[in-house]
Amino acid sequence: MKKIFSRPESLKDMPFHYCPGCTHGIVHRLVAEVIDELDVFDRAIAVAPVGCSVFCYEYFDCDAYQASHGRAPAVATGIKRVLPGSVVFTYQGDGDLAAIGTAEIIHAAARGEKFTVIFINNAIYAMTGGQMAPTTLLGQKTTTTPFGRDSEINGSPVKMSEMLSVLDGAAYISRVSMHNPANVAKAKKAIKKAFEVQMAGQGFSMVEVLSSCPTNWGLSPVKALKWIEEKMIPYYPLGEFKAPSEVV
Amino acid sequence: MGKMLMKGNEAIGEGAVRAGCRYFFGYPITPQSELPHYLAKRMPEVGGLYLQAESEVASINMVFGAAGAGARVMTSSSGPGISLMQEGISYLAGAELPCVIVNMVRGGPGLGNIAPAQSDYFQATRGGGHGDYHLIVLAPASVQEIVDLMQDSFDLADKYRNPVMLMGDGVLGQMMEPVDLGEEKILSIPEKSWAATGRMKREKKNLINSLYIVPENCEVHNIKLGEKYKLIASGEQRWEEYRTEGAELIMVAYGTAARVCKAVADLCKAEGMPVGLIRPITLWPFPGRRISELAETAKSFLSVEMSMGQMVDDVRLSVNGKKPVHFYGRVGGMIPAARDVFNEVQFILSGGAR
């Protein structure tokens with residue numbers, strides 16, 4: 001019988017610690033598949049954040065670093081400047097990248113640092129117990145916005161892909177979603193393109209992935225995917241915000 | 001090569017380059033500016049990188065990445081910037097990454113001023129960031145010593161896989177002195193088989209990490225670090241002695257304050273007063289063993305600092321109650337005057353106490 005699906009080699013054979021219905025596992029698999037397909041496992045380097053995906057260094061079988069909260073882009077800068085032949089990616093959540101690490105992500109993009117950022121936007125701080133994230137939607141209830149996010153108090157959600165795409169150093173910026181299989185397939189294409197842009201030395205690349213958090217959203221896994229489609233995508237439109245005319 | 005005149009801050013840069021450092025990440029702050037200026041020009045000449053970061057927080061994390069990749073790497077700053085780096089320094093210590101951090105100390109607290117001070121002694125020697133860790137802290141007192149200690153800094157960092165801090169101040173950074181750079185040495189930089197450089201067919205993955213989520217494992221890690229610090233504490237204490245033989249009063253001072261105290265020791269000699277100086281070169285590990293020995297023969301100690309009294313705690317711990325330990329300090333960017341320290345010495349020797 002023909003084998004049509006298997007675990008990518010860049011991913012270790014071990015159970016994820018993620019909650020049921022969380023899409024981190026899918027994104028991990030997509031990144032690992034891209035590393036396999038581009039045949040860069042031996043020069044791939046992962047930089048893990050602080051947040052739910054802090055243990056992603058356990059799952060990716062390549063060399064890895066665990067960075068302090070928000071500083072993965074600075075750590076990746078140090079790595080890539082020393083090892084220009086490596087293929088470096090950071091894996092960061094919305095609290096890590098869009099709140100505490102805002103300065104680091106903006107300046108890494110501005111410098112055109114040649115690494116790839118996988119940015120998981122699930123509109124919440126999940127690991128610490130469901131607090132408001134910079135990407136939390138207006139009206140969204142979290143443990144620190146029990147009456148729903150109010151723009152008068154908390155301002156409005158931050159659109160990182162739009163912000164970063166105005167910087168000259170950013171070569172590829174794309175937003176994708178995990179809410180159904182067709183979009184998962186599109187996400188993989190975007191991740192692959194981001195890695196290719198890095199390998200071609202064209203500049204900074206980031207893929208923002210709209211992801212679900214059934215646990216902290218208080219929704220079933222199926223309803224959570226529906227919530228991405230109905231609530232998140234209208235505010236965070238999908239698509240390429242910046243792309244080189246061709247990947248060399 | 002003969003002697004040449006160099007500014008202290010530039011000597012740090014040249015010393016680093018000669019020690020094989022090829023990566024510098026930093027953020028502008030006074031009074032260490034001549035160092036980044038120097039390296040911005042010098043690094044490209046030797047195929048290295050000078051990169052200006054968006055903040056000290058970013059600088060120290062760039063150092064984390066570069067050190068993890070196996071490079072000889074450094075950053076430099078002054079008080080406020082070093083405070084911003086503390087989280088990153090704790091991560092470097094936790095992940096056991098070798099690097100060199102320069103602190104050209106200025107007056108504090110807060111924005112303080114840009115004049116020379118030694119008020120970051122506690123921060124440097126007690127850890128500074130969170131968790132149980134130590135930096136190796138070196139305190140040069142001349143431009144020549146800066147050059148020599150830069151080589152040692154990188155070697156010690158690699159030997160123990162530990163961040164090293166070089167502590168100076170605005171005086172040492174700004175003053176020009178003749179230095180002998182010596183011949184360029186063939187460097188022996190140890191193989192870093194632990195570095196995370198991409199697996200390149202390596203059997204096991206390398207991980208740069210300070211996270212030990214299971215308490216049992218984190219305890220094992222802390223005990224391992226503790227054993228390393230014990231080894232450093234017993235093997236790496238460095239100091240210089242000046243006129244300590246037969247001295248009844250021994251001044252303890254480092255860096256710029258030690259230069260003043262050397263002049264005081266000479267003044268005392270001329271007056272026939274038995275006064276010596278012990279100058280710690282390593283602030284951590286503190287040269288307590290020698291001070292403890294000297295406490296057998298000396299009658300009292302005087303810690304002279306550009307702070308409200310920080311190193312004096314270590315002097316007291318070393319003397320361990322055997323003899324009185326006095327303190328004299330100037331603060332806020334003021335430097336002790338030799339005449340004032342001399343008067344204090346005279347006061348103590350005449351049996352005075354404050």
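Select chains A and B together: 33 residues of chain B are in contact with 28 residues of chain A, contact meaning that two C-beta atoms, placed from the backbone, lie within 7 Å. This is a predicted model, in which local features need pLDDT of at least 70 and side-chain atom pairs count only at pLDDT 80 or more, while totals for chains, interfaces and linings use all residues. Residues are numbered from 1 along each chain as its sequence is written, and chains are lettered from A and ligands numbered from 1 in the order in which they are written.

Next, colour the side of chain B that touches chain A. Helix 3 (56-68) of chain B gives the most to this side, with nine residues. Helices (H or I, at least four residues) and strands (E, at least two) are DSSP runs, numbered from the N terminus. By class, this side of chain B holds 18 nonpolar, ten polar and five charged residues. Here Ala, Val, Leu, Ile, Met, Phe, Trp, Tyr, Cys and Pro count as nonpolar, Asp, Glu, Lys and Arg as charged, and the others, Gly among them, as polar.

Now select strand 2 (residues 63-66) of chain A and strand 9 of chain B, which pair in the parallel sense over two bridges; pairing requires that DSSP finds at least two bridges between the strands. Within this pair, A:Tyr65 has B:Ile208 as its bridge partner.

An automatic or database assignment divides chain B into domain 1 (4-235) and domain 2 (239-349). The contact between them takes 25 residues from domain 1 of chain B and 22 residues from domain 2 of chain B. On the domain 1 side, helix 5 of chain B gives the most, with four residues.

Then select helix 11 (residues 311-319) of chain B. Its buried residues are B:Met311, B:Val312, B:Asp314, B:Val315, B:Ser318 and B:Val319, where buried means that 20 or more other C-beta atoms lie within 10 Å of the residue's own. Why are they on the same side of helix 11 of chain B? They cover an arc of only 155° around the axis, taken from the directions from the helix axis to the C-beta atoms. Among the elements covering them are helix 5 (121-125) and helix 10 (288-297) of chain B. Just after helix 11 of chain B, B:Asn320 takes a positive phi of about 55°.

Finish at A:Ile118. Leaving aside neighbours within four places in sequence, its contacts include A:Val27, A:Phe89 and A:Val209.

Terms used:
Buried ≥ 20, exposed ≤ 12 C-beta atoms within 10 Å, placed from the backbone.
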